[in-house]
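Please keep the sequence and the structure in view while reading.

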Amino acid sequence: MHTDVTPINSYPKYWAECYGTAPFLPTNRAEMDALGWDSCDIIIVTGDAYVDHPSFGMAVIGRLLESQGFRVGIIAQPEWNNKDAFMSMGKPNLFFGITAGNMDSMINRYTADRKLRHDDAYTPNNEGGKRPDRAVLVYSQRCREAYKETPIVLGGIEASLRRLSHYDYWSDKVRRSVLFDAKGDILLFGNAERALVEVAHRLADGEDIATLTNIAGTAVIMKELPEGYKEIDSSRIEKPGKAMAMPNPYATEENCETNKAEKKAEVEAKPVHIQPSRHDSNSTAIRLPSFEKLRNDRILYAHASRVMHLETNPYSSRALIQKHADRELWVNKPPIPLTTEEMDFVFGLPYARVPHPSYGKAKIPAYDMIKTSVNIMRGCFGGCSFCSITEHEGRIIQNRSQESIISELEDIRDKVPGFTGTISDLGGPTANMYRLGCSDPRAEANCRRPSCIFPEICKKLDTDHKHTIDLYRKARNVDGIKKIMIASGVRYDLAIESPEYIRELVTHHVGGYLKIAPEHTEKGTLDLMMKPGMGTYDRFKELFEKYSKEAGKKQYLIPYFISAHPGSTDEDMLNLALWLKKNDFQCDQVQNFYPSPMCNATAMYHSETNPLKRVKYKKREDLFVAKGDRQRRLHKALLRYHDPLNWPLIREALVSMGKKYLIGDRPNCLVPEEGSEAEMTPAQRRGSGRHGAKRFATKHPNQPDIRKDGKRKPGSRSNGNNKGNQSQQGNRGKPNGKPSGQSAGNRNGNSNGNNSGRPNRNGKPTSGQRQGQGQSQNGKPNRSRAKAR
C-alpha cells in the first residue's frame, strides 16, 4: 500500500554518529566519560530496569535513536522524591523521553482488587516499590524541576493508553489526558519509532517543539486548530439516541463500501471505483465531548469511547480534538505501520541482549522469562474488548522477515549466557497472526471494523498459516537450536482454518500443555468480549487431541477465563463454573477483570452500557457490571469453585439465586453441604494431626490424646501432619498443579484468563497489554504477551 512516509532508516544521521555504538547506553556520568561524551542529546527516563534487549521498550527506543546518530543516555528507575537523580547525567541537548516502562505503573503496582503488590518483575530481585504511582506524571515533574526549558516527550504504554480523557479504575473517575497532568510538550502513542525519529531529527534541525503539531502518532496541546482543517462534531458520526449518519462500522464485512462496489461491478460489469470519504482524513478532525462533560456523564463517555475506536485505521482515520478547560487536545491519526524492512532494521540493532552490568548477579524476572524468546510480529486484529493491544499497536500486523528472525535465533545461541538450546517462544501479541492480513488493500485502507475475526472471520482476511509453518520448520533447523516452544497465545478460531498449522504446532512446539483463551462459556458475555463461541473451542480441542495422538504425545489444553467481565451476570459465572467442573478443570491462579485505560470493556465497566452498539440515552442496552467487592469476590470464587475457602460465599449465592440443589455431594452439585466430609481436610478425615485431633500444641512426648478420654495408648505417636487438602490446581486451569511454561498473552492483556500481568515472552504488553493489556493483570509480565489474544 502506497504511503508518503519517510523510512525510519533513511534519515541523514546526526553529527554525533562519530562516537559510534556504545556497548551499553550510559546510565551515569562515569559511563558517559568512558565513551568520550560531554553531554547526552537525549535522555530516556524509564520505570523499568535497563535491559538491553528488544523486548524492553527503553532499549528499542535508545538503540533506534543511537542508530540515527544521537547520543542517548538512560536513567532507569530513579529515586523520584527529588530532582537530583534526574540531573545526574546533565541537561540533554534535545529532550527528555519519559516512559513508565513496559507496563502501566498502576497495573504494575496494584491488583484488580486495588491491593498493593510487593513485587515487580521488571526490577532487580523482583523488588516492589522502585517506581512511583502514575510514573509518567512524577518523572515529568522532576525533569521539569531539573531543567525547566528542556522539552519533555512522553511515550510508552502508560502514556499511549491515557492520551485522551480516560476512566481511571484506581481513582474511580474520569481523568484528563496524561499530557495535561504531566505538563509534557508532546505525547507519542503506539509503537512510536516512526514518530520518534521524526521528532528527534526536527528538533536537531532547530525546530521549536511547539511547531511539531502534524506528526502522525502524536498528541499535542493547542489553543486553536491548525489551519486547513475543518471540524466535525462526534455527534455527526453517531449522536447518542439518534441514527448514525454513516454505515455501521461494526456490521459484517458484507456491508462495507468496497464490497458494495464490487457487487455492483459484478452486475454492471464495470471497473470498481471506490468513492473517497466525504470527510477527507487529511483535512478533517472530529471533536469529542470535552473532559468536563465526560467526567459527569457516563453515557456520553461510552459514546466518546466508541467514536475513538472508529478512528483507529492509520490510512483513513481522522484527527481527534478534545477540549480541556480553555485548551485543546489535538490527537493526530495513528502512525503508518512499519514495513518488513523497517521492522528488520529495528530488531537488527546492536542489542547486548543482557541486563546492564551495574545490576551484577541480581535476577530480573521479566528478563529471565523472555531472554530466549523472539518477537516475530506486532499488532492484533482480534479486537477483544478487554484488551488494549489493538489501541496501542494497531490491528494491521507488522511482520519481520524470516531472515531477520533466524538471525536473532543465532544471536540468542551465541550471546545469551547459559543458553541450553531451547527457544521459549516465537510469537508476539498472538502466536499465529504472522503475515496474516487483509487480502484487499482498498478495503484495508477504508475498513472501520474493530475486529477482522468477530462476529465471524472476514472473507477478505487471509487465514493461510503457510508462512508461520515455514518459519517454524526453518527455525528448528538452525544449528544449536534443540527445541522451540510456542508460548504466545494461540488464536484458535484462526488456527482451525489451517489444520496443518495445528498439526505442526502440536507435533513439534507444545511441551505437554498449551494455553488458549476461551475467556468465557456464555454467548452473551462472549459477544461483549468479541470472542468466538465454545463450538470453536470444541473444534480446536478435537484437532489438538487428534494430532497429539498421531504424534504419540499426551498433551493437554489449558483454557483461560476472565471473571467479573462487564455483562457477565452471576448466572453466567455459575454456568462457567459448572462447565469447569464438568470438564474437570481446577483453576489455581485466576483474576477478575481489570479495567485498564482505553479498552472497550473499561468503557462498559464505567458506563454500564454497551459501546459496541449505537449508544443511546433512552432504550439503551444497560449491562450488569460486577463492581462491589462482594460481587467481584463471588465471580472470582466461582472460577475457583474447588477451593474450600470459597464454599461459604458460593453456598450463600446459590441459595439467593434459587439454586440450592447445586449444594451437596451429587455429581451435578458445585459445592458440598456445610459440615460434610468433603469439607474436611485429609487430616480431619483421618482424625489425626493438629486440626483433626484438636489437641494442644506442646513438645511434651507424653501429651495425652484428648480423643481417648485423656489417655494415650502406650507406644502411640501423634501425627502432626498439617498439610491440609492440596487439590490439583494449576496455573489458569492447569490440571497437574505445576506452573505452566507460558501464558497466552496482552492481553491485550492483559492478559490472560488469570491476567497475571507477567511480561510477554516477546516483552510486549497484554495490557493487559491485554486488559490492558494489553498488559497483564497481576502486575507481573505475561510470559507470552501482554493481551494477547
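A residue is called buried when its relative accessible area is under 20%, exposed when that area is over 50%, and partly exposed in between. The structure discussed here is a predicted model.

## Helix 24 and what follows

Helix 24 covers residues 647-656, and its buried residues are W647, L649, I650, R651, A653 and L654. Just after helix 24 comes G658, with a positive phi of about 75°.

Helix 21 also holds E571. With a relative accessible area of 33%, E571 counts as partly exposed. Apart from neighbours within four places in sequence, E571 is in contact with M657 and K659. E571 can also be compared with E522: the two are 49 residues apart in sequence, and their C-alpha atoms are 9.6 Å apart in space.

## Helix 4

Helix 4 runs over residues 135-146, twelve residues in total, and at 1.5 Å a residue it should span 16 Å. The C-alpha atoms at its ends are 16 Å apart, which agrees with that expectation. The expected value is 1.5 Å times one less than the number of residues.

Is helix 4 largely enclosed by the rest of the structure or largely open? Nine of its twelve residues are buried, so helix 4 is largely enclosed by the rest of the structure. The buried residues in helix 4 are A135, V136, L137, V138, Y139, S140, R142, C143 and A146.

R142 is a charged residue in helix 4. Its relative accessible area is 16%, so R142 is buried. Which residues does R142 touch, not counting residues up to four places away in sequence? R142 touches W80, N81, N82, K83 and F86.

## Two helix pairs

Two packed helices are described by the angle between their axes and the distance between the axes. Helix 16 passes helix 18 in a left-handed crossing. On the side of helix 16, the residues in contact are T468, I469, Y472, R473 and R476, and they meet E500, Y501, E504 and H508 in helix 18. By class, this contact of helix 16 with helix 18 has three nonpolar, two polar and four charged residues.

The second pair is helix 10 (residues 298-310) with helix 22 (residues 600-607), whose axes come within 9 Å and cross at roughly 170°. Angles over 145 degrees count as roughly antiparallel, and helix 10 and helix 22 are therefore roughly antiparallel to each other. In this pair, R298, I299, Y301, A302, S305 and H309 of helix 10 meet N600, A603, H606 and S607 of helix 22. The contact of helix 10 with helix 22 has four nonpolar, five polar and one charged residues by class.

## Backbone details

Most residues other than glycine have a negative phi, and most peptide bonds are trans. The residues below are to be read against that background.

The peptide bond from F454 to P455 is cis, with omega near 5°. P455 has its place in the loop between helix 15 (441-446) and strand 19 (461-462). A325 is not a glycine, but its phi is positive, near 60°. The loop that contains A325 lies between strand 11 (319-324) and strand 12 (327-331). E519, also not a glycine, has a positive phi of about 70°. E519 belongs to strand 21 (residues 513-519), and with a relative accessible area of 0% it is buried.

Is D479 buried or exposed? D479 has a relative accessible area of 60%, so it is exposed. It sits in the loop between helix 16 and strand 20 (483-484). D479 and E410 are 69 residues apart along the chain, and 8.1 Å separates their C-alpha atoms.

Terms used
Residues are numbered from 1 along each chain as its sequence is written. This is a predicted model: local features need pLDDT of at least 70, side-chain atom pairs count only at pLDDT 80 or more; totals for chains, interfaces and linings use all residues. Side-chain values use heavy atoms; hydrogens and water are left out. A crossing is left-handed if the near helix is turned anticlockwise from the far one by less than a right angle, and right-handed if clockwise. Helices (H or I, at least four residues) and strands (E, at least two) are DSSP runs, numbered from the N terminus. Contact means heavy atoms within 4.5 Å. Buried means under 20% relative accessible area, exposed over 50%, partly exposed in between (1.4 Å probe, protein chains only). Axes are lines fitted to C-alpha atoms, for helices over the stretch in contact, and angles run from 0 to 180 degrees between N-to-C directions. Angles under 35 degrees count as roughly parallel, over 145 as roughly antiparallel, 65 to 115 as roughly perpendicular and the rest as oblique.
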